[in-house]
Amino acid sequence: MRSVIITLIIAVGMVSGSVMYASHLKEQSEMLSEITKDIKDDIINENYSSATDGIKRLDKNVSRFEKFFLATGDHIEIDNIKTNISELKSYTKHKMKGDAMSKIYVLEFLFEHLPHNNQVKIGNIL
């Protein structure tokens, strides 16, 4: 009986931790998406100076988020995000609006799907 109780406590702890992780991941993803939307607006309006500042802010926040995510997440996703930010920096610096917008759309996709790939699902348990 004692082992059943201990097992249930461990299971509840694991599920609770997973839910808290997913919640934090979703919050961070939404924050990064908001920064990306601001950058997108700046690029659409050809305000490259403000877009560059936004990209710096995005890069800084991704670096902080990276430490949390790499502990439990997929390294390839963070690498894809950082690669696209690097390319976005270059396109924005050279005022290449079309190319910069394509990188914005990729980043929006990555940030939107980041929490979906790490949700607690019955398929992940079985």
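**A close look at one helix pair**

Author: Among the elements of the chain, α4 has the highest mean pLDDT (95), while helix α5 (residues 122-125) has the lowest (57); pLDDT is the predictor's confidence in each residue, from 0 to 100. Helices here are DSSP runs (H or I, at least four residues), numbered from the N terminus. This is a predicted model, where local features need pLDDT of at least 70, side-chain atom pairs count only at pLDDT 80 or more, and totals for chains, interfaces and linings use all residues. Residues are numbered from 1 along each chain as its sequence is written, and side-chain values use heavy atoms, with hydrogens and water left out.

Now for the pair itself. Helix α3 (residues 75-93) packs against helix α4 (residues 97-113) at an angle of about 155°, and their axes are 9 Å apart. Axes are lines fitted to C-alpha atoms, for helices over the stretch in contact, and angles run from 0 to 180 degrees between N-to-C directions. That makes α3 roughly antiparallel to α4 (the word covers angles over 145 degrees).

Who touches whom? On the α3 side, the contact residues include Ile-81, Ile-85, Leu-88 and Tyr-91; on the α4 side, they include Ile-104, Leu-107 and Phe-111. Contact means heavy atoms within 4.5 Å. By class, the contact of α3 with α4 has 10 nonpolar, 3 polar and 3 charged residues (Ala, Val, Leu, Ile, Met, Phe, Trp, Tyr, Cys and Pro count as nonpolar, Asp, Glu, Lys and Arg as charged, and the others, Gly among them, as polar).

How values were computed:
Helix = DSSP H or I, 4+ residues; strand = E, 2+ residues; numbered from the N terminus. Parallel < 35°, antiparallel > 145°, perpendicular 65-115°, else oblique.
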